[in-house]
Every structure is written in structure tokens, then in C-alpha cells.
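This report walks through one structure, taking each part in turn. Please keep the sequence and the model in view while reading.

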Amino acid sequence: MKQTKFITGQDFREMFACATAWLEKCASDVDALNVFPVPDGDTGTNMLLTMNSSMEEAYRAPDNSSSAVAQAMAKGALMGARGNSGVILSQILRGLAQGIAGKESLTGADFAIALQEASVMAYKGLSNPVEGTILTVTKDAAAAVGKLVEEGDPDLTEVFEIAVQAANESVANTPALLPILKESGVVDAGGQGFYTILEGALHYLKGEAEQIRFRKPQMITSSVPMTGRPPELIAADEEPFGYCTEFMLKGEKLNTEKISSRLEKKGESLIVVGDESTARVHIHTLDPGNVIHIATGLGTVHQVSIRNMDEQHRDFLEMQKDKAPAVDMAIVAVVDGAGLAEVFTSLGVTAIVPGGQTMNPSTRDILQAVESVASDKVIVLPNNKNIVLTAEQVHTLTEKDVEIVATETIPQGVAALLALDYEANLETNASIMRQAIPLVNTVEITRAVRSTQINNIKIKKKQAIGLLDGELAAVGSSPTDVLHETLSKLDVSGKEIVTIYFGADTDQAEAERASAMVREEHHQLQVEVVRGGQAHYNYIVSIE
Amino acid sequence: MTVKIITDSTSDITAEEGAELGITVIPLTVMFGREAFLDRVTITTDEFYRRLTTGDVFPTTTQPAPSVFAEVYNKLADETDEILVITLSAKLSGTYQSAMSAIEMVQKKCRIEVIDSQMVAMGQGLVALAAAKASREGAKLDELIDLVRDALTRSHWITYFDTLKYLAKGGRIGKAQGLLGSVLSFKPILTVKEGEISPLTRLRSQAAGVEYLYNYVTSFQRIEELAVEHTTLPDEADRLAERLRTTFPDVNIRRSIVSPVLGVHGGPNAIAVTVLEAK
């Protein structure tokens, strides 16, 4: 490894220039990750523009000491900060500059200490710091190098290596800390951006500034499995996003805390950073005029930027579409139960219409879901016999190209969804999905709502009944026993997998017991137990 | 002078096969922690897959350095004045970049062309083999470039994966990213499209996956050559190859093992088929 005892201010500047170039290569990929705090999709670009401004200023440093260059960079970043992430990045650079203050050259230990300052400064800039973001990544990187310094006098390259490694792990873990990331299946964009900057700096220290021209930064994959977005979020109206408002405030004896308190109630994602003479303000507000009005009372206002976030959000959606698999189509499914909704969303359903047995959605409900999705080509999976017809009405009510794949049960819906061909068009896919339906058998276990007699079987109210592909097959007192008996009516030779979705009123232990029973009887079958959370049905079981 | 063909070890052409057919195979590197192995040179497929499935260190891979290519270029330049390099997809590895930047390091007078196959494994290998054959029969570099570009459009590689874990860990998951995080277990069928990993469909069992591969191959009208590869499922892959042999008695079917470097990203229990469509 290349040893670097210390670097000069010139090296410090070149190192960050290299880091900025490295960030530039993946800025648009970072943009596409952005989901927090609002999906405006510009984190990568904002961080890059902030770095660019920082580097411009770096070349205007009064001398070539590390301290002077870092100070200039911090000033440049503050002047040019854009977006949440840009502002936080400027805070990080300001912290670094403070940590380096007075140093002619920079050692590994110096940088480690400065990074800790940076982490503290980043948290300070926010009235409500959120974990699982660039803040956490900075903190984790700082902690890792802090430990290194305690243990000895590390080389600068070594310090960066440890920082990069810690940042990488921290980014991969962000979805564990921030649910919205987990739902969206992405890592934090700002964190990824900061990791890339550190990595770019490391490339410089290792003497790889030339080689990286031909390479591209790696996007970190979440180490946490993605959970589907809960259906309520999809069905609910979108929150108004308003305007992303940014400006610079200049004056004498500015007080960032006072500015914060004045603007706090005026919007969301408020950030106020700066010093006594210059402060940078970022806020998401529905009334930018009022915010600017208040600001003019606090100092002189410069570099005002007001952007409509609805437009930003639309651009973001467009970009997301580019990221999606080649198929330009959306799938709407009617599903009851949080667990089942998660199964469907995790398999790629775009919108969920809550509903099922006894809770049949209206045509309007389905139509709304069809209209809400971004694609003009939509497949609808009704997943219930009583909803197929309702769904078919949607054809006449929408301009969109809609195919109703008449799934009558949840297992049929899952089978159809899995069969999706990522390269085929709407019509072909609808046909492929229809072909998948008869390949799966469905067993449903529920309670009789009244006493009756069907197929010579007497049923008492509230007894457990088992349906095999919609036909009554067994009756009994225990749902698990009835499941067992119903399955015995099916020829399972040639079948491979049984999936048991257990309902809201069935506990996991009981479902595991049912699963063990099936395994016992049919050794060749693989059995999977999934919490479905559906009402009315103790078990919905697919056999395929 | 015959044109010399170079490809990388992810083509699943072994060094011995290469030597026989006039192809220089440049190995990528597999790393288990700090232990570095040259793909199929200093680690056998058996040893690699044993460590992959039983060890607790997650392996990583690296491209050959430009200097490795340069050394081969310089050596071959003593025997020829035209070299054709066929690399795996540049979107999946920096091998292409290494091969390109090595050109500047060649002092001797020799024309070197590098083609990004936008493919992997036998999807790249069958094309490299076809190029070597044409070269032996006297084709010049420009003809070979046309031949390779045309063959690549006819080369289709799809694979059954047991898990997406390895692809995701290695950061090569590409457009199949959306398949991650499912509550329900399934087996993906993936392909390489425009140089990137892309999803084709999802199935629930290995048997269904192998059936899908079989049906995929039989959906082609005219086939020039086929390949069946596996990571750790030799028997299932043999059975599939046998079935295909019965269906296509006149077509040559290559059987091979996925090279360790690709195995790092594919993981155990994967089976791939390559269809080289006839013109």
C-alpha cells in the first residue's frame, strides 16, 4: 500500500477534486435513490453542485496550507449548497475545516479528528436529525477512524480506507434505521453520496486518480430486505409537496437559532446553517412568499431559489420508471390483509386495492387505482370470484390499456404475478398470466356463517369448512384439522410447493403445526408459511 | 499470419481448451479475503465451489490489470500483426477497460481490436470459439470483427438462479434489483440484456426452472450451437443437456462449469443455457 504520512493543502484540494469527479460519475444514480424526506430525486446532483462550488472556492484559498484550503472549501460549499443533502454536506465540510484549523499539513490523526468534528457539525445543523441518513454514515465513519487513532498513529491512506469501509457498511444498513428506505428498497442517497466522496478521496491517496477515469463508483445495495410499501400509502392522496425554498441570508450578528425558530412553523425540512455574517436557509413550504418576507426582516436575502416540488416529484417518477425493468406496465391487485399486501407488493404489484371476501371493492375503487399508477398499460388481478366482474367494468371507464386477468383466489393471483415475463408486452403477459392460473390449486379454510347442507355434508354455523378450488371439501371443528382433511382430497403427486398464508385470527404456532402436518404426510413437498393477515380465512393455501 | 484471439476466463473456456483452439484465455481474479486466486489457474472449479458453499468468507472478484493484457499483447505480437480481444460485458467488469488501456502499452506494430461482448459465460464463449475457428480458416481481423458482432446478436444466454444473494452482494444485480426483498421465496430466471443482468421471470422450484430453460431453447427455430453450464448442479445440468440432445440431435452441445469468477456472483445451484441462433 502507498504510504502517506501527511499531505499538503494542495494535495488536500486535489484529493477532493478527485472525490468530486468520482461523485460526478454516479450523481444520477444517487438521484434515483432519493426517497427521504420527500421524493424529489435530486440528492446526487445537489451534492455534486455543492462540491463543485466548494472546489471553485478551494482554488481561491489565500495560501496553500491545509487549513486555508479547507476553510475556502467550507465557504464555497456553504455558498453553493443545494437541497437538504447539499446543506448537510456543507456542514460536514465546515466541521472538517474547523478540525483542521491552523494546520499547515494534514496527518491521518488530524483527519480522523476533523471527521469527528464534521459529524458533530452535521448533526448541529438540523433541528430534527434523522438516523439512517448521511448523518449516520458520517458518524459511523468518524467513529471508525476515531478508534483507529486511539490504537496508534495511522497512515492517512489507512484512515481513509477505514472511513470508506465503515461508510460502506453504514450505507448498506441505512434501510434498517429508516423505514421509508426499507419500503422503497433503497439505501439513503445522501449517505451513498458521502461514501462516494470518501471513496474518491481514497482513490487519490492511493495514486489511482488516473485509473478511475475508466471506472464507475459502486452503488451500495441494501443489506436489509425490502418490505413492500403498505397499501394505505398507495391508496391515500399524495401529501402536497409545495415549494423547495432556498436562500442566503447576509447581515451582522446573525443568529441561526433565532432564524430557525422564526421559520420553524412555516414548513418542513428546515435547515439553517452558517455563521454570524452569512446563513443558508433551506425549507419546504407551501408559502415561499411568506418565508422570504420573514427573512427580509432578519437580514439581506441573496440567491433565492424556489422550486415547485410537485414538478420535481414528477421528474423523479419519470426517472424511477427508467430504473424499472423493461416492462412498461403496472399491476393492480385486490388484496386483503397486510401480510398478503406485502407479498404482492414485494413481487412487484404497483397498487393495492384493499378488499376481498365480504369486502368487495367498487369499480370506482379499482378504477382509481388503475388511474393512479404511472403506466398507461395496466394488468388487474381481482383475486376473488366476486370481484372479477367489478374489475371488468374498468375497461369502459378508462382510456388506459387494461387487461383483467381473472384470478379468483389469492394463490392464483400470486401464481399469475410470478409468471410475469419482464420482456413481454401487455397482451403477451396477460396471456402468460392466464396460463399460470390452472397450474395452482387453492385450499381455503374459513368458518361457516350459517348452518346448511352442501354435497350431502351437514354444516353447522361457525364450523370450520374447507374449500378446494372453490368447492366444499371438508367440515370440522378445528381449522387445522379441516385443512389436513381438505388437502387429502387433492392428488398432490407432481406437486412441489405448498404455501400456507395464515389469517388474522390464526397464530403462527398453529400455522407451523399445520405446516408440520403437511410435511409429515408428503415428504416430497416443500412447505412455506407466510403471515397473510387476511380476515375471515384461517388459511389460504396454494399447492403448485 | 493468423489473427490471434484473446478472451477472458469468464467465457468458461479453460486455458487448455484455449491452447488447443488458438485462444489465449486471460484469467480474472477471485479473492477470498486476502487470498487471491487466478480464475481456473491457481484455483480449480471444484476447490472454488467447495469453498463457496462451505466457507464463511464471501469471495469477491477483480478484473485483470492492463499490464496483464499488455504482456499477452506483446508476446502475441511476435507471432502476428492482428489481435482480436473479446471481453465480458463492460457493464459487469472493468476487464474491457483493462484490455483497452493495455493497447497503449504495446511497442510492437500490431493492430489490436477489443470487443465488449455485452455478454457473459458461454454467451461470450461460443462467440469466441466461433471467432477462433474462423481465424484458423484464414479470416482476417476485419472479417472477424463483423463475424463476432453478428454472432453476438444471435447469442442468447439465460440462467436459472437458486438465489439472488450472491448477485446482490457482488453489486452486479443490475435490472434484477426489483426482484429483491420478496416475502415469498422464488427462483429467478435471468438474462444479460444490453450488457446488464435483467430479469426474465420467476418460478417457484428448481424443476420448474429447468423446465423453463428447456422450453426457452425449444422456442428457437434454428440453432447453430448450444451450451449448458452449471455451478454446483452437475447431474441436473447433464440431464438437461441430454434432453436437449434428444430434441436437437444435430446440434453440438457444449457442457461446462461456470468459471469461479462468475460463480462468485451466480452462487451455488445455478444452471445456464446458451443458444447460438443459426443465421
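## Terms and origin

Two strands are said to pair if DSSP finds at least two bridges between them. Helices (H or I, at least four residues) and strands (E, at least two) are DSSP runs, numbered from the N terminus.

This is a predicted model, in which local features need pLDDT of at least 70 and side-chain atom pairs count only at pLDDT 80 or more, while totals for chains, interfaces and linings use all residues. Residues are numbered from 1 along each chain as its sequence is written, and chains are lettered from A and ligands numbered from 1 in the order in which they are written.

## Chain B as a whole

Chain B contains 10 helices and 13 strands. Of its 279 residues, 52% are buried, a residue being buried if 20 or more other C-beta atoms, placed from the backbone, lie within 10 Å of its own, exposed if 12 or fewer do, and partly exposed in between.

Two residues are in contact if their C-beta atoms, placed from the backbone, lie within 7 Å. Among the contacts in chain B with a separation of 6 or more, 74% are accounted for by residues 24 or more positions apart.

## The open sheet of chain B

In chain B, six strands in the order β10-β9-β8-β13-β11-β12 form an open sheet with mixed pairing. Its edge strands, each pairing on one side only, are β10 (196-203) and β12 (252-257) of chain B.

Strand β9 (residues 187-193) of chain B pairs with β10(B) in the antiparallel sense, over seven bridges. Within this pairing, Pro188(B) has Arg202(B) of β10(B) as its bridge partner.

## An enclosed strand in chain A

Strand β9 (residues 377-381) of chain A is largely enclosed by the rest of the structure, because four of its five residues are buried. Strand β7 (residues 330-335) of chain A runs parallel to β9(A) and is joined to it by four bridges, and Ala333(A) has Leu381(A) in β9(A) as its bridge partner.

β9(A) also pairs with strand β10 (residues 401-404) of chain A, in the parallel sense and over four bridges. Here the bridge partner of Val378(A) is Val402(A), in β10(A).

## Where the chains meet

The contact takes 29 residues from chain A and 24 residues from chain B. On the side of chain A that touches chain B, at least two residues each come from α15 (338-346), α19 (410-418), β16 (497-502) and β17 (526-531) of chain A, and α15(A) gives the most, with three residues.
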